[in-house]
Amino acid sequence: MTRDLAAYAKEHGIKYFMISFTDLFGGQRAKLVPTQAIADMQTEGAGFAGFATWLDLTPAHPDMLAVPDPASVIQIPWKPEIAWVAADCVMEGADVAQAPRNVLRRQIARAAKEGLHVKTGVEAEFFLLTPDGMQISDPHDTAEKPCYDQQAIMRRYDVVREICDYMLDLGWGPYQNDHEDANGQFEMNWEFADALVTADRHSFFKFMVKSVAEAHGFRATFMPKPIQGLTGNGCHAHISVWDDAGKNAFATEKGTGPTGELGLSEQGAHFLGGIMKHASALAAITNPTVNSYKRINAPRTTSGATWAPNSVTWTGNNRTHMVRVPGPGRFELRLPDGAANPYLLQAVIIAAGLSGIQSKADPGKRYDIDMYAEGHKVEDAPKLPLNLLDALRAYESDAELMEMMGQEFSQAFLKLKRKEWDSFVSHFSRWEREHTLDI
Ligand SMILES: [Mg+2]
């Protein structure tokens with residue numbers, strides 16, 4: 001059923017709609033549209049100059065229209081006169097192929113053709129910092145092992161409770177909140193859902209956490225490694241796939257073999273095989289910034305572990321690997337970080353997984369070891385990219401994944417990200433001066 005946004009406005013006392021889309025760098029862009037104009041906008045879309053955002057468009061391109069998807073509408077809990085609505089980017093009547101929500105919608109449609117429906121949950125960790133972004137907001141949050149710190153979470157109870165209350169009101173099914181493994185770091189969990197719903201909620205969650213933190217005089221960040229030496233911001237994804245009848249296609253009676261023993265079906269094993277096969281390439285999307293590579297491949301943190309992988313390995317219920325199969329019918333990808341674009345994250349998981357199903361990919365050996373302690377003994381597992389450039393090169397050399405994600409998207413993404421890498425390497429750092437001046 002298509003929801004009529006004008007009627008929605010009347011029902012909920014909405015004065016403005018925030019028509020929002022996400023660009024290739026994960027930036028959320030919006031226009032505030034007064035309710036009296038929403039009926040036209042719902043059919044025509046809101047106009048944007050695409051070049052002014054990160055979508056690899058030129059100033060000569062025609063207007064880009066962001067057409068709201070009424071199924072995604074959310075009344076903004078801290079500003080109830082505004083409703084946020086995710087939009088799909090259209091130009092001259094056709095989807096803008098590289099726009100992230102369109103990339104995800106294509107993957108979802110491709111899976112649906114195979115009778116498969118991907119459901120995911122994300123664990124979007126974040127830090128609460130001082131407004132200048134330089135320090136942890138709570139000067140007393142200094143424990144060596146701060147994970148689940150009861151005293152520290154209570155000092156930020158007002159922020160955590162406000163966000164959790166909003167999620168309760170929105171019907172997302174939040175079920176736990178904690179202080180995470182780094183000083184100043186938190187995690188809030190809500191129920192898994194269809195990939196597009198999770199991507200929209202993940203986007204809105206970032207907007208909500210930043211907005212609520214700001215209102216309390218703090219600055220929230222999802223940056224992968226905002227503080228040197230502390231655990232970084234992961235965005236672990238929990239993945240399951242369901243068939244047309246609503247049955248978990250990944251679940252099976254406990255069988256034999258490395259995946260069967262964990263209750264993962266043959267189809268689930270192949271999907272996992274696709275993730276393993278394309279891991280180095282998909283890191284360009286799950287770990288899309290220069291800073292991302294300071295979270296994976298990191299030296300041990302002050303808490304004793306990074307909680308981030310550095311090799312392409314999988315296992316059962318053990319958090320030291322890239323993929324964990326915690327129980328029958330689902331697995332957790334621990335690679336993504338807080339900089340991952342909510343839509344591209346889901347899209348690349350589905351693309352890699354479907355390619356695994358198509359090619360009957362084998363996930364390879366299951367390593368039932370503590371990777372933090374014994375990782376050096378694993379010789380035949382690929383290492384994850386060491387930096388953004390390596391990841392972009394891995395993506396570029398993975399023709400199958402590039403094709404699955406779409407050539408227009410892949411080329412646009414690589415072009416903009418290579419420019420970002422160039423900007424980074426041409427940046428003159430203090431480290432260089434310190435290590436080179438007296439040579
Ligand atoms: Mg966590």
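These notebook entries record what I looked up in the structure.

**Basis.** I worked from a predicted model, in which local features need pLDDT of at least 70, side-chain atom pairs count only at pLDDT 80 or more, and totals for chains, interfaces and linings use all residues. I numbered residues from 1 along each chain as its sequence is written.

**Overall form.** I found 15 helices and 17 strands in the chain; these are DSSP runs numbered from the N terminus (helices H or I, at least four residues; strands E, at least two). The radius of gyration is 22 Å, close to the 22 Å of the globule rule for 439 residues, so the chain is as compact as a globular protein of that length. That radius is taken over C-alpha atoms, and the rule is 2.2 Å times the number of residues to the power 0.38. Along the principal axes, the C-alpha atoms fill a box of roughly 65 × 50 × 45 Å.

**Domains.** I noted domain 1 (12-94) and domain 2 (107-431), with bounds from an automatic or database domain assignment. Their centres, taken over C-alpha atoms, are 27 Å apart. Twelve residues from domain 1 and 18 residues from domain 2 form the contact, where two residues are in contact if their C-beta atoms, placed from the backbone, lie within 7 Å. On the domain 1 side I recorded seven nonpolar, four polar and one charged residue. Here Ala, Val, Leu, Ile, Met, Phe, Trp, Tyr, Cys and Pro count as nonpolar, Asp, Glu, Lys and Arg as charged, and the others, Gly among them, as polar.

**H3 and H10.** The axes of helix H3 (residues 100-113) and helix H10 (residues 342-358) come within 8 Å and cross at roughly 30°. Axes are lines fitted to C-alpha atoms, for helices over the stretch in contact, and angles run from 0 to 180 degrees between N-to-C directions. Residues of H3 including Val103, Leu104 and Ile108 meet residues of H10, among them Leu344, Ile350 and Leu354. This contact has eleven nonpolar, two polar and two charged residues.

**H9 and H12.** Helix H9 (residues 279-286) and helix H12 (residues 388-396) have axes that come within 7 Å and cross at roughly 120°. I therefore classed H9 and H12 as oblique to each other. Ser280, Ala281, Ala283 and Ala284 of H9 make the contact with Ala391, Leu392, Ala394 and Tyr395 of H12. The residues of this contact are seven nonpolar, one polar and no charged.

Methods:
Angles under 35 degrees count as roughly parallel, over 145 as roughly antiparallel, 65 to 115 as roughly perpendicular and the rest as oblique.
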